[in-house]
Amino acid sequence: MLLTLTTTHRPATDLGHLLVKHPDRAHSFDVPVGTAHVFYPEAGEQRCTAALLLDVDPLRLAGARGRGRGRQQAPTPDSFTLGRYVNDRPYAASSLLSSALSKVYRSALRGESRERPELARTPIPLQVRVPVLRCRGGEDVAVRMFGPLGWAVTAAPIPLDEGHPEWGDSRYVDLTLTGTMRVADALNHLYVLLPVLDDAKHYWVAPDEVDKLLRAGEGWLAAHPERDVITRRYLAHRRALAGLALARLAERRPTDEPAAEPTVDEANGNEATGNEANGDKASVGDGGGQAAARRASLAARRREAVLGALAGAGASRVLDLGCGGGALLAALVGDRRFTEIVGTDVSTHALMLAARRLGLDRLPERQRDRIRLLQSALTYRDDRLRGYDAAVLMEVIEHVDPPRLPALEDAVLGHARPATVVVTTPNVEYNVRYEGLPAGRFRHADHRFEWTRAEFAAWVDRVCTTYGYTAAIGGVGDDDPEVGSPTQLVVLTRKENP
Amino acid sequence: MTTLDIPELALVALVGVSGSGKSTFARRHFAPSQVLSSDTFRAMVADDENDQSASADAFDALHHVAATRLRRGRLTVVDATNLQPHARAALVRVAREHDVLPVAVVLDVPEALAWERTEGRADRTFGRQVLARMQRDLRRSYKLLAREGFRKVHVLRGVEEIDAAEIRYEKLFNDRRELTGPFDIVGDVHGCRVELEALLVRLGWELRRDERGRPVDATHPSGRTAVFVGDLVDRGPDSPGVLRLVMGMVAAGHAICVPGNHEQKLLRRLRGREVRLTHGLAETMAQLAAEPDAFVAEVAGFIDGLVSHFVLDGGRLVVAHAGLKEAYQGRASGRVRSFALYGETTGETDEYGLPVRYPWAREYRGSAMVVYGHTPAAVPEWVNNTICVDTGCVFGGRLTALRYPEKELVSVPAEREWYAPVRPLAAAPARPDEVLELTDVTGRRHIEHAYGSLTVPAENAAAALEVMSRFAVDPRWLAWLPPTMAPCSTATAGGFLEHPAQAFADYRAAGVDRVVCEEKHMGSRAVVLVCREADGGPFGPGGGVVHTRTGRPFFGAPLDAELLDRVRAAVGAAGLFDELGTDWLLLDCELLPWSAKAGGLIREQYAGVGAAGRAALPAALAALEAAAGRGLPVAGLRDRTARRRDEILAYSDAYRAYVGPTDGLRGVTLAPFAVLAGAGASYADRDHGWHLALADRLCAADPEFFTPTRRQVVDLADPAAEAAATEWWLALTAAGGEGMVVKPYAGPAARSVRGSLLQPGVKCRGREYLRIIYGPGYDEPEQLAALRRRSLGRKRGLALREHGLGLAALDALAAGAPLWRRHELVFAILACESEPVDPRL
């Protein structure tokens, strides 16, 4: 991966003094993933270019990537597990280049120059080129990141494959920055923002990263309109660290400037642990703040409606089937009516998140004893789920392939057979009310179906007949006169004791 | 000498005062693991076997261990004083809960001797009055023991008698494991003598008649044994005739018989009890009135002597009138007998006022086949290795027998409806759903099958559960999953990481003399289960399934259905359904091109890396050229960068070879290479010549949709054949091909000369293809040297474990094994896949 720095300041060869690298020599430095080379493709009085080339050794790279990303995942043999070995890291600018830069240009980053101390403090005309940069969010994001710092930005998209123009552009851009800038500032911008744009750290983010960020961001980050995104991404979405850094930044922020909302959408694919998206499995649209607020409120109203239905049925021992990250569980735990709460999910990861969200290992024993988390799959009968007052299937059935629904019905209504079952699922008719949701697309990538009100009613009718339940169908959210509520809800009541 | 008769499976309570010699007795007659001593348990929970404050906890633990042993069917001896009624009651309760007989053995020694022994032990500190109280408790116990529920009470008085005692184990009456058949198991006869005669004749039996022409015995020329599942009497026209024949066969040792609820009721009537003459008993009583008293007495004696169920053929077969769940098999108790005679009812009644029976068979997970009657149905159906052979002969249905071990049903029609049924016989009952339970697959599991055994760690099962329940097709359709495949041993020369020479050497070392090299198709694995009928196969609704190597639907509903139609038409046109005598086939295939399924993956991962490399390396090269032009010493770096640019171009060519234009099924082809199973048969034992010949016929039937598998058969003793195959591989891979798979010619189930299962195939991947696996520059000497140190052991072990499970799953499919067992095997294959192995292998 390559980064070039060009100046037209005269004499341009003073760049060598500022970088402490003689233009007429080739310099090499050993770095953890290979060798960093600094050389000058041109070094004239009018124009001088320093090139930093990081020559990655694939064997060392594979070794270095072994740690830190090892979150236990479900086996997905269909997915690309080779990514650890064959990837873009040797070619695209990333945190690896950032690390090399900080090592190779150490004193220049600090703004120190023994030979040209005055020049080091002076803004000079500079051009930076990074021929391949993975830029999450595209050109626009690059402009928003570097623009406020005084750079003129070009980020030319790189096609994915010349042989397949129908595939469009790749995630990479050819980045050129032009501006008049102190060399130290330019290097610090790059040091922080290259990994932020790439948005994938190659090493485990440790707490001392906060200090590194604040040091490199001295003088510009606190006032940057995108500081929240920069901080979060730089700290690789570790919320606790990001919160710490943002708090420390806030102390330094000029008091006359209002707090700004991030304009880069972080809602999509946010990998932060324990987030709402995980718990609610909802990801309608890409619309940013407003949609997110509407979504959150619908999720909250859904939980309220479910709690209301459970209370109405007089249930005290309840099952949350497909509990995910535990959003509903948290609400159940907060209501003392519920004396025994069992959350089940097929994903052990989701159960871990739920346990963390509920703070299970910190709860007092009496509270802890009310809650149980079990791995279970709704297409298998599970004896442990028998004998409860009520079961909730909140936004769950649409994640099951239609041919597998009878197995779920048998397991829940036939075998677990609680007196009350509350089911919620999207109302597909309402989807036209979601801006940004293309026609015919479901609200979530994992939805196997979304039903109209008639389809839902037909299903309810069938399961009631088969398993001896009566039904009360309703909805959650604004009741649109034309398309109904966004969420459909049914309370099933068992007819007699078996 | 006193002989103590003790059932083979029993809970034996030793009863005696301290110092009566219980532990010594236990040591002499039982294995240490059979004896649970209260002293030991006190020590276990409190580090002191005399700590009386620990007694409650010690007995809790002891009862738990006793219960566990009894559940597992192990004789258990409790060495404690057992002088208090509450202590003995706890033991009787544990025994009853597990349907085993409690036995008491009382050791009664003179108090003076007991005291002498107690005083001789430093750790026993209680006084003489304690011993005296124990002695009083013992006296009192004598009259209580039998009433407390002990089936046998043996009393040994005095040291001599105790020392001379011998234990003799007695088998339970239901234990007839020594009878291995073959059997003809006959369903509920209900007085239908004519049909019974017809059925026996149909089964090849020869009837023997008395002077009045009445059948009184039957023999089978090939020495078969008849088994009657009970309900011989009532409702039908000639219950005495049926009894005469069956009693004769049983007496002659040609048949065995278990009682039905109707025999039970008849016996009570014959014994003079108050019994209502309903459900056909009136007919029987009227018919018996015409018989001599001696015959009626004989009938009563016969019924009285019947045992509620039999465990036969080494434990592989259980016969009981109403069936028997696993926990009750080979056990003896009132509730076991009641279950065997009447089954379990839910307490509800159906619309005809008949009791609703608990569907125990749906939950049955036992390894023994259970054959029973009691509930008439028009067609017998296998449910979890159980079958009900009552086909309602007396109601005008049929009289049915199951031939064992052939699992073949033979039946004769009723002459007429002899008795009107309360509830009509279901004409064609819906196939009973075999439901799966979470405990069929979760937790740490040890799985034994015909090709080996393995343990699935709980965390692998947990991971597989997520994939299976969220993404896989219906388990009824998921008959098999392809095992992972190991590469051949690593090449050591010529710039290759994999080379045919190693593949041939691997198999030669295993004693294989002939292999087939099959072109490795550049697509996605697709397993196709196709039924002859578009809707109505034996696996549930639908006409087949196409799934990926992890069991997911291949494309999704409409396209998969279209693909199945295409396959169904070709299999039909090639005549394979008829030729193989099956209504369905399981095919192992590759679906081409890879981009049809993995387009997103190719674009996002492979193409992305290519785009980055193709943009970055020329830019770096230009900068280096300029620097070199200025005279800087960067020639080495420049040359290496140039080489890496060439490598990224070669890498790009490699992934581009997997991309082909498709639109729906247009552009998609299927390359079948193995025909795994059909009705009643696994074809894993057929050689690859057979498999490929059938695949070729599909290609001939629909050349547009099917892609043939190019191949070379190599005699491993022939260097020329080996060289030719190597040349073939070089040409194939030079033209952009992925490589080949080398398989033992003898077929998927091939074994080595030592008899162990062989790797079903090893892959030998092309030099260019490996760039997208190991990286664009993997073949640079330094990298290659490092990669050659790769270890294949784990991958090979995994491949063999999965292969064995797969073969067992195919056998289970062919044998019509219960769904839970088939699913357990297939699930285990998926669970194996979550084992961490290098994904590049």
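B:Val186 counts as buried because 27 C-beta neighbours lie inside 10 Å. This residue belongs to strand 9 of chain B, in a model that is predicted.

**Around B:Val186**

- Leaving aside neighbours within four places in sequence, B:Val186 is in contact with B:Leu199, B:Ala226, B:Val227, B:Phe228, B:Val229 and B:Ala401.
- B:Leu232 is 46 residues away from B:Val186 in sequence, and the two C-alpha atoms are 10.0 Å apart in space.
- The loop between strand 8 and strand 9 (183–186) of chain B holds B:Pro182.
- The peptide bond that joins B:Gly181 to B:Pro182 is cis, and its omega is near 0°.

**Chain B as a whole**

- Chain B contains 25 helices and 33 strands.
- The radius of gyration of chain B is 36 Å, whereas a compact globule of 841 residues would have one near 28 Å.
- The C-alpha trace of chain B spans about 115 × 80 × 55 Å along its principal axes.
- Of the 841 residues in chain B, 49% are buried.
- Among contacts in chain B with a separation of 6 or more, 72% are between residues 24 or more positions apart.

**A six-stranded sheet in chain B**

- Six strands of chain B form an open sheet with mixed pairing, in the order 8-14-15-18-20-19.
- Strand 8 (175–176) and strand 19 (382–383) of chain B are the edge strands, and each pairs on one side only.
- Strands of a sheet pair through backbone hydrogen bonds, in either a parallel or an antiparallel sense.
- The pairing of strand 14 (residues 309–312) with strand 15 (residues 317–320) of chain B is antiparallel and runs over four bridges.
- B:Val311 has B:Val318, in strand 15 of chain B, as its bridge partner.
- The loop between strand 14 and strand 15 of chain B includes B:Asp313.
- Phi of B:Asp313 is positive, near 45°, although the residue is not glycine.
- B:Asp313 counts as buried because it has 20 C-beta neighbours inside 10 Å, and the cut-off for a buried residue is 20 or more.

**Helix 3 of chain B**

- Helix 3 (residues 55–71) of chain B has 17 residues. From its first C-alpha to its last it reaches 24 Å, close to the 24 Å expected at 1.5 Å a residue.
- B:Ala58, B:Phe59, B:Leu62, B:Ala66, B:Arg69 and B:Leu70 are the buried residues of this helix.
- Seen down the axis of helix 3 of chain B, the buried residues fall within an arc of 100°, so they line one face of the helix.
- B:Ala56, B:His64 and B:Thr68 are exposed on the other side of helix 3 of chain B.
- The buried residues of helix 3 pack against several elements of chain B: strand 2 (10–15), strand 3 (35–37), helix 2 (38–46), strand 4 (76–79) and helix 4 (85–97).
- After helix 3 of chain B comes B:Gly73, which has a positive phi near 80°.

**Other backbone details**

- B:Asp234 is not a glycine, yet its phi is positive, about 80°.
- The position of B:Asp234 is in the loop between strand 12 (225–228) and helix 9 (239–251) of chain B.
- B:Asp234 counts as buried because 27 C-beta neighbours lie inside 10 Å.
- In chain A, the peptide bond from A:Arg10 to A:Pro11 is cis, with omega near -10°.
- A:Pro11 is located in the loop between strand 1 (2–7) and helix 1 (14–19) of chain A.

**Where chain B touches chain A**

- The contact takes 51 residues from chain B and 56 residues from chain A.
- On the side of chain B that touches chain A, the elements giving two or more residues are helix 14 (458–471), helix 18 (595–629), helix 19 (635–656), helix 22 (771–774) and helix 23 (781–787) of chain B.
- Helix 18 of chain B gives the largest share of that side, 18 residues.
- By class, the side of chain B that touches chain A has 30 nonpolar, 11 polar and 10 charged residues.

Notes:
Residues numbered from 1 in each chain as written. Chains lettered and ligands numbered in written order. Predicted model: local features only at pLDDT ≥ 70, side-chain atom pairs only at ≥ 80, totals over all residues. Pairing = 2+ DSSP bridges. Expected span 1.5 Å × (residues − 1). Buried ≥ 20, exposed ≤ 12 C-beta atoms within 10 Å, placed from the backbone. Arc of directions from axis to C-beta. Contact = placed C-beta atoms within 7 Å. Nonpolar A, V, L, I, M, F, W, Y, C, P; charged D, E, K, R; others polar. Rg over C-alpha atoms; globule rule 2.2 N^0.38 Å.
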